[in-house]
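Dear colleague,

Please find below the sequence and structure that I am handing over to you.

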Amino acid sequence: MSHASAAMPAPNLKGIDGTTLGLYVATVFLWGVSWIGIRAQLGVVAPEMSVLWRFLLAAALMWAWVLATGHQVRFPLADHLRFMAVGCCLFSFNFLSFYYGGLSVPSGLLSVVFSLASVFNLALSFLIFRQTVEPRVALGGAIGVVGIGLLFWPEIAGAGFNAAALKGLGLCVLGTLFFCSGNMISTVVQRRGVPLLSATAWGMTYGCAVLLALNLLRGNAFIIEPTLKYIGSLLYLAVGASVLAFMSYLTLLRRLGAARAGYATVLFPIVALTVSTLIEGYVWTPLAVIGVVLALLGNVLVLRRPAAK
């Protein structure tokens with residue numbers, strides 16, 4: 001694994017082109033809206049079952065895409081072990097953590113915790129790949145996270161942080177760590193030259209296998225809530241937030257590296273808050289406006305092309 005990683009060129013960290021910016025915007029929007037969808041899934045159907053339905057549909061769409069485009073399907077055992085690890089981190093355990101965390105944590109706070117992925121990716125990229133963290137990128141990440149904290153401070157302060165809220169918060173942090181660990185493994189897979197479509201299809205397949213086993217072990221009923229809210233959110237989460245968003249994000253991993261790609265998570269809460277304003281009547285405060293400005297400023301610092309030397 002290390003030999004293959006060393007043989008491949010490091011990701012380009014110098015600015016972004018129009019296509020990459022489009023992928024970045026798509027990732028932010030598709031995942032930013034997904035928090036509302038996750039909340040809509042909670043209630044009648046067990047969280048493990050909801051995540052299974054989501055990725056069964058997403059995996060079927062990915063395999064149709066792989067076969068239609070003639071991408072590679074067969075890989076050696078070593079790659080399948082990596083696909084399995086990606087499936088556990090990106091397509092099962094991280095979502096289970098957030099679905100269960102969402103039972104006791106408000107949707108806005110879910111996205112706040114997930115925005116810590118930008119910080120975790122910076123740290124893991126340095127520890128695992130020894131990638132140098134530019135001071136500008138680190139400063140931008142710090143400013144962005146502070147901005148998100150200000151944006152949701154009333155919600156955070158009002159959560160009460162009782163035992164259930166603390167448990168939910170811990171699950172969300174665990175889910176973010178799973179997500180970032182999956183980023184690192186996916187980076188290794190892509191540096192080995194494995195086609196992104198094929199790797200994602202296999203990763204989702206292994207994630208479904210893990211979810212199926214968990215549902216069988218827990219004796220969950222294989223049901224779908226027959227409501228427009230549940231089915232609509234399931235379709236969006238499977239197609240938009242899984243197939244399209246993961247393909248956009250994993251492409252960003254290859255183009256920008258984990259540190260800068262992961263910063264997209266800092267903007268998710270802003271999208272979620274905008275949706276909340278339109279649907280739930282969220283009232284903006286001066287502190288929230290300052291938080292948005294700081295988050296956007298941090299984003300500019302992270303993505304800005306360094307001055308030529």
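Axes here are lines fitted to C-alpha atoms, for helices over the stretch in contact, and angles run from 0 to 180 degrees between N-to-C directions. Helices are DSSP runs (H or I, at least four residues), numbered from the N terminus. Please note that this is a predicted model, in which local features need pLDDT of at least 70 and side-chain atom pairs count only at pLDDT 80 or more, while totals for chains, interfaces and linings use all residues. Residues are numbered from 1 along each chain as its sequence is written, and side-chain values use heavy atoms, with hydrogens and water left out.

Helix 2 and helix 13

The axes of helix 2 and helix 13 (residues 264-279) come within 7 Å and cross at roughly 55 degrees. The two helices are therefore oblique to each other (angles under 35 degrees count as roughly parallel, over 145 as roughly antiparallel, 65 to 115 as roughly perpendicular and the rest as oblique). Their crossing is right-handed, a term used if the near helix is turned clockwise from the far one by less than a right angle. In contact (heavy atoms within 4.5 Å) are residues of helix 2 including Tyr24, Val28, Trp31 and Trp35, and residues of helix 13 including Leu267, Phe268 and Val271. The residues of this contact divide into 13 nonpolar, 2 polar and no charged; Ala, Val, Leu, Ile, Met, Phe, Trp, Tyr, Cys and Pro count as nonpolar, Asp, Glu, Lys and Arg as charged, and the others, Gly among them, as polar.

Helix 3 and helix 4

Helix 3 (residues 47-69) packs on helix 4 at an angle of about 135 degrees, with the axes 9 Å apart. This pair is therefore oblique, and its crossing is right-handed. Helix 3 contributes Pro47, Glu48, Ser50, Val51, Arg54 and Phe55, which meet Phe91, Phe95, Leu96, Tyr99 and Tyr100 of helix 4. By class, the contact has 8 nonpolar, 1 polar and 2 charged residues.

The largest cavity

A cavity is a set of points, on a 1 Å grid over the protein atoms alone, where a 1.4 Å probe fits but cannot get out; lining residues have an atom within 4 Å of a point. Grid points are joined across faces, edges and corners, and a volume is the space filled by probe spheres set on the points. The model has 4 cavities of 30 Å³ or more, and the largest holds about 110 Å³. Its lining consists of Trp31, Ser34, Trp35, Ile38, Asn94, Phe95, Phe98, Phe114, Phe179 and Phe246. Two or more lining residues come from each of helix 2 (18-41) and helix 4 (77-101), and helix 2 gives the most, with 4 residues. The lining comprises 8 nonpolar and 2 polar residues, with no charged ones.

Yours sincerely

Notes. 1 Å grid on protein atoms, 1.4 Å probe; cavity = no way out; pocket = protein on both sides within 12 Å on 5 of 7 lines; lining within 4 Å.
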